[in-house]
Amino acid sequence: MVMPIGPLMIEHRLIERMIEVMKEELAFIEKEGKTDPGWIELAVDFIRTYADRCHHGKEENILFRELGIKKLADEHKRTMEELVEEHRWGRRVTGRLVEANVRYVQGYKEALSIMVESMKALVEFYPRHIEKEDKHFFIPCMDYFNEAEQDAMLREEYEFDRNFIHEKYKGIVATAEKLLVSHTL
Ligand SMILES: [Fe+2]
Ligand SMILES: [Fe+2]
């Protein structure tokens, strides 16, 4: 039987891979004093779309929602609140990185230090956050659910992913339409 934390843990492994690449890019930036804004956009898209909307989205909207219905031990309730707060913190730091990248492209080279600082914060944050979930939260939390409840969550996760790709590209078409209008004005 696949548990609903199975797909979430597999997603953690891909997030870790991206974090490793971000560490290498950080070392490059610090050595060379410059970065490739296109690469930063790629990393930011991964963080926002995959790690946050797709992965944290399933955690918050399915697993944590269902845990919220249960009578949790104080320790688990506290950890869940911390995890949600950490997701919010991650969004704010990613937002800072995006803003700094835009300014960097506009020629403000001093924005690079804000990019370095926010990337360092993110590469330090994700492994800690993932370890907290993998090693101290996900597995004990499964005890709150019977098999049918776990199955229902797993199905909902698959449904979430199935819809996600359409939502993502509908958004891209809408952005393309808006940009086209502003080009032709
Ligand atoms: Fe999380
Ligand atoms: Fe996670």
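Helix H6 gives the second largest pocket the largest share of its lining, six residues. The model is predicted, so local features need pLDDT of at least 70 and side-chain atom pairs count only at pLDDT 80 or more, while totals for chains, interfaces and linings use all residues; side-chain values use heavy atoms, with hydrogens and water left out. Residues are numbered from 1 along each chain as its sequence is written, with chains lettered from A and ligands numbered from 1 in the order in which they are written.

Let's stay with that second largest pocket for a moment. A pocket here is an open set of points on a 1 Å grid over the protein atoms alone where a 1.4 Å probe fits, with protein on both sides within 12 Å along at least five of seven lines, and lining residues have an atom within 4 Å of a point. Its volume is about 160 Å³, counted as the space filled by probe spheres set on the points. H2 and helix H6 (147-184) each supply at least two lining residues; helices are DSSP runs of H or I with at least four residues, numbered from the N terminus. Among the residues of this lining are Arg53, Lys168, Ile172 and Leu179. By class, the lining has three nonpolar, three polar and four charged residues, where Asp, Glu, Lys and Arg count as charged, Ala, Val, Leu, Ile, Met, Phe, Trp, Tyr, Cys and Pro as nonpolar, and the others as polar.

Now to the largest pocket, which holds about 210 Å³ of space. Its lining includes Glu41, Leu42, Asn101 and Val105, and the elements that give two or more residues to this lining are H2 and helix H3 (74-105). H2 provides the largest share, six residues. Five of the lining residues are nonpolar, two polar and three charged.

Finally, the metal. His12 (NE2), His55 (NE2), Glu59 (OE) and Glu133 (OE) coordinate the iron ion (ligand 2) at 1.9 to 2.1 Å; donors are N, O and S atoms within 2.8 Å of the metal (3.2 Å for Na, K and Ca), and sites may look incomplete because water is not among the atoms. Because glutamate 59 lies in helix H2 (residues 37-69) and glutamate 133 in helix H4 (residues 111-136), the pair ties together parts 74 residues apart in sequence.
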